[in-house]
Amino acid sequence: MSGRAQLMWDEAVTGYDFGPDHPMDPVRLGLTKRLVDAFGLDRDVDVVAAKPAGESTLRLVHREDYIAAVKAASADPSAADQAYGLGTMDDPAFAGMHEVSALIAGQSVGAAEAVWRGEALHAVNFAGGLHHAMPGAASGFCIYNDASLAIARLLELGAERVAYVDVDVHHGDGVQAAFWDDPRVLTISLHEHPRTLFPQTGWPEETGADSAEGSAVNVALPAGTGDAGWLRAFHAVVPELLADFRPQVLVTQHGADTHFEDPLAHLAVSLDAQRAVQVACHELAHEYADGRWVALGGGGYAVVEVVPRSWTHLVGIAAGRPIEPATVVPESWRQEVFARTRQLGPGRMTDGRWPVSWAGWDAGYDPADRLDQAVLATRRAVFPLRGLLA
C-alpha cells in the first residue's frame, strides 16, 4: 500500500455553481485548493483527477429516471422537473449540472477505489460530501450523493464493513437512506437537532431497518453547542461504535458549517475544534480500519473565513504534514482572496482556541445538561442494539 495520500482535484469541479445569489459559492473550492498549494501540500500528496462517474456507477445509488431528469435539466435548465427536486430555490438547475455533479461524484468514487486497492492510504475530496441527495431526488444543494456512491463502490469491490462518520451541521440523511437496510454500512451523523435545522431528520430513534438495527446512529445536538460539547459528543459515541464495528474503510464527511460564523446554522464550533475532529478521524482510521480513510468535504458557507482553512487542515492531516494552528496564512493567498472576493482573508490557521479541551464521557454525565441528554438519547437508542452498554 502506498503511504502517500491522494488529493482528488479537477479544476472543473468549480463549475458546480447554482448562481450568484446561492450560498454554496464555488469560490470556496478554488480558494481551498489555492491555500493547499500555498502551503506546499500539493507536493505531499498525489493530486489526481478521476473520471466522472458514469451512468452505471450513478445507478449504484440513484434511480435511472432521476439520472435522466438531471440530464434533461442539465441540457435545458428551463425544463427542470421540480418533482425531482430540480429547479428549486435550494437546487436551481444550471447548464452542465449533470456533467459537473458526475465529476464530483467521480472524485469520491476514485478516492474510494484508490484506498481499497492500496494505491493510497488516505484520499481526500473536499469538493464532495454532498450528502443530502436521495436516490430519486436532489435535496439541500446536492444533486448526486457522492458519499453514498463511494460507499456503494467499496461494497461492490468486496468491502464487508464500511463506516461513515458525518460531522456536517446538517443530518447526513441521504447516506442514511441509501444504506438504511444494509448492515454492512454503519452511518453515524452528528448534527444540529432536527427541531431547529434542515432536513428535520436525524432523531436518535432513527436506528436502521429491522434487517439492520443499530446500523444508523444519530446524535442530535442542541443549537448553540460549542467546542467542548461537540467534541464530548463525538468522543462519547464514535470511537466505541467503531471499535465494535471494526470497519475495513472509514469514510468521513467534514462539512465546515458547524462553525460559529456559518450563516445557515446555529452551532458554535471553532476551526480549532473542527481540526481536532479531523485529527481524531485520522487516528480512528488507523486504529480500527488499517488506516484506510476517505475524507470528504460537505457544507460550509463562510466561504472565505472558514471553509478554505478547515479543509486545508484536513488535507494536511491526511498528507502526514498537519499544519500547526498558530501558523500564519501565506500572504499570497490573502492577496488572491481579496482579488477574487474583495474580502480580507484570515491571518492565521486558528480561531485562537487551540488546544481545545473537553470532558470525556467516562468521567460521568449530568442528566440535566442538554448536551449530555442528547448523547444519552443516542447511546440508549443504539448501543443496546449492538450489544454495548448504554
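Figure 1. H122 is buried, with a relative accessible area of 5%; buried means under 20% relative accessible area, exposed over 50%, and partly exposed in between (1.4 Å probe, protein chains only). The model shown is predicted: local features need pLDDT of at least 70, side-chain atom pairs count only at pLDDT 80 or more, and totals for chains, interfaces and linings use all residues. Residues are numbered from 1 along each chain as its sequence is written, and side-chain values use heavy atoms, with hydrogens and water left out. H122 has its place in strand β3; strands (E, at least two residues) and helices (H or I, at least four) are DSSP runs, numbered from the N terminus. The side chains of H122 and H286 make a polar contact of 3.2 Å. A polar contact is a pair of N or O atoms within 3.5 Å; within protein, one must be able to donate a hydrogen and the other to accept it, and residues adjacent in sequence count only if both atoms are side-chain atoms. Leaving aside neighbours within four places in sequence, H122 is in contact (heavy atoms within 4.5 Å) with residues including R4, V115, H282, H286 and W293.

Figure 2. Two strands pair if DSSP finds at least two bridges between them. Strand β7 (residues 249-253) and strand β8 (residues 293-296) run parallel and are joined by 4 bridges. In β8, V294 stands opposite V251. The pairing of β4 with β5 is also in the parallel sense, over 5 bridges. V162 has V185 in β5 as its bridge partner. Of the residues of β5, 8 of 8 are buried.

Figure 3. Axes are lines fitted to C-alpha atoms, for helices over the stretch in contact, and angles run from 0 to 180 degrees between N-to-C directions.

**Figure 4. Helices α7 and α8 side by side.** Two packed helices are described by the angle between their axes and the distance between the axes. The axes of α7 and helix α8 (residues 271-288) come within 11 Å and cross at roughly 10 degrees. That makes α7 roughly parallel to α8, since angles under 35 degrees count as roughly parallel, over 145 as roughly antiparallel, 65 to 115 as roughly perpendicular and the rest as oblique. Among the residues that make the contact are W230, F234 and L242 of α7 and V277, C281 and Y288 of α8. Q278 also lies in helix α8 and counts as buried, at 2% relative accessibility. Not counting residues up to four places away in sequence, Q278 touches H254, W293, S310, H313, L314 and I317.

Figure 5. Helix α9 (residues 307-319) has 13 residues and spans 18 Å from its first C-alpha to its last, close to the expected 18 Å. The expected span of a helix is 1.5 Å times one less than its number of residues. Since 13 of the 13 residues of α9 are buried, α9 is largely enclosed by the rest of the structure. Just after α9, G320 has a positive phi of about 80 degrees. Helix α11 (residues 370-382) also has 13 residues and reaches 19 Å, close to the 18 Å expected. Buried residues of α11 include L371, V375, L376 and V382. Their cover includes β6 (216-221) and α7 (227-245). At the start of α11, a side-chain oxygen of D369 comes to within 3.0 Å of the backbone nitrogen of L371.

**Figure 6. Backbone details in the loops.** The peptide bond from F198 to P199 is cis, with omega near 5 degrees, and P199 is in the loop between β5 and β6. Q200 is found in that loop between β5 and β6. Q200 is a residue other than glycine with a positive phi, near 60 degrees, and counts as partly exposed at 45% relative accessibility. D290, in the loop between α8 and β8, is not a glycine but has a positive phi of about 55 degrees. At 58% relative accessibility, D290 counts as exposed.
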